[in-house]
Amino acid sequence: MVKHNTDTNGIGYEWEYAKVKDDRTIWQKIIMGIYNPSSHEFLGRSAKSWGGILLFYAVFYSSLACMFAICMKVLLSTLNDHTPHFTLTQSIIGTNPGLGFRPMSPNVEDGSLIYYAADNATNVEAWTNELDKFLAVYKNKTLLPDKGNNQQKCGYNMPPQKDKVCEVSLANMGPCSSEYKYQYPKAQPCVFIKLNKIFDWEPEFYNNKTDIPADMPQELKDKIGQRMKHELFTIWVTCDGEAPADKDNIGPLKLYPQDGFPGYYYPYRNKRDYLSPLIAIHFLNPKSEIWS
């Protein structure tokens with residue numbers, strides 16, 4: 001029995017004359033806290049209370065899920081699996097493709113440096129394996145999405161058909177082939193270069209010999225002068241050392257299959273089985289202290 005009184009200041013207080021002793025064990029209190037059979041409450045709430053809470057959160061999170069799905073649908077509707085939304089000058093990539101090369105060292109800290117001992121088979125194999133991996137899709141068309149069925153042979157007078165791409169042959173790479181271990185055992189290594197892909201980029205050709213820049217190396221000018229007019233649709237490539245010491249150290253070079261990327265490989269439009277054209281640069285006599 002509990003008696004409720006109020007003092008002269010209006011403050012309430014209780015006098016406990018008698019209180020039922022709680023003889024329940026801790027385990028019984030836990031069970032009662034989970035489910036109270038007298039009030040039919042589960043974890044302190046009735047079924048109606050729990051139903052209201054569950055209904056509220058079901059409606060709330062369903063609304064959030066619907067809003068998220070609508071936002072994703074609107075976003076994805078602006079994207080295309082084959083065509084980027086922003087291209088060329090509208091994109092951060094721009095209109096100037098970078099020049100990539102292989103092999104690259106698996107050690108990031110080595111940067112772009114290629115160094116090895118030509119008489120060390122392990123050193124040689126490390127670099128030739130990197131080239132084998134890179135050239136695998138060029139050698140084995142079954143590794144391509146359409147197994148190479150979307151490729152065709154092209155030429156300056158035979159551009160690719162609609163929705164087709166030009167195949168890239170390694171048959172004219174001279175000694176820069178896996179058969180000769182890319183000349184690494186002879187300390188005359190081959191390095192493969194390619195232009196990085198930029199969607200819809202079209203090169204500007206020197207299709208008029210009078211437009212050739214004055215600062216172009218004379219050796220390349222002479223080679224261009226020997227080309228027929230339709231062969232001028234080429235992205236010309238020349239290689240040289242950056243500093244005077246580099247020019248002395250790299251020695252003479254030979255490019256395969258030619259001194260440029262044929263124009264019929266461009267523009268790149270993300271068509272299936274497309275492969276970037278390659279040029280193999282053969283270092284004929286580099287200084288040994290640089291390469292070994």
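Visitor: A disulfide is a pair of cysteine sulfur atoms within 2.5 Å; how many disulfides does the structure hold?

Guide: The structure holds two disulfides. This is a predicted model, in which local features need pLDDT of at least 70 and side-chain atom pairs count only at pLDDT 80 or more, while totals for chains, interfaces and linings use all residues. Residues are numbered from 1 along each chain as its sequence is written, and side-chain values use heavy atoms, with hydrogens and water left out.

Visitor: Which residue does the disulfide join to C154?

Guide: C154 is joined to C166, with an S to S distance of 2.1 Å. The link of C154 and C166 is left-handed, with -95° about the S-S bond.

Visitor: So what does that pair tie together?

Guide: C154 lies in the loop between strand 6 (151-152) and strand 7 (165-166), and C166 lies in strand 7, so the pair ties together parts that are 12 residues apart in sequence. Strands (E, at least two residues) and helices (H or I, at least four) are DSSP runs, numbered from the N terminus.

Visitor: Is C154 buried or exposed?

Guide: C154 is buried, and C166 is buried as well. Buried means under 20% relative accessible area, exposed means over 50%, and partly exposed lies in between (1.4 Å probe, protein chains only).

Visitor: And which cysteine forms a disulfide with C176?

Guide: C176 forms a disulfide with C190, and their sulfur atoms are 2.0 Å apart. With -70° about the S-S bond, this link of C176 and C190 is left-handed. The pair links distant parts of the chain, since C176 is in the loop between strand 7 and strand 8 (190-195) and C190 is in strand 8, 14 residues apart. Both C176 and C190 are buried.

Visitor: What pattern do the disulfides follow?

Guide: Counting bonded cysteines along the chain, the pattern is 1-2, 3-4.

Visitor: Changing topic: where does D248 lie?

Guide: D248 lies in helix 5, which spans residues 244-250. D248 is exposed, because its relative accessible area is 54%.

Notes. Disulfide = S-S within 2.5 Å.
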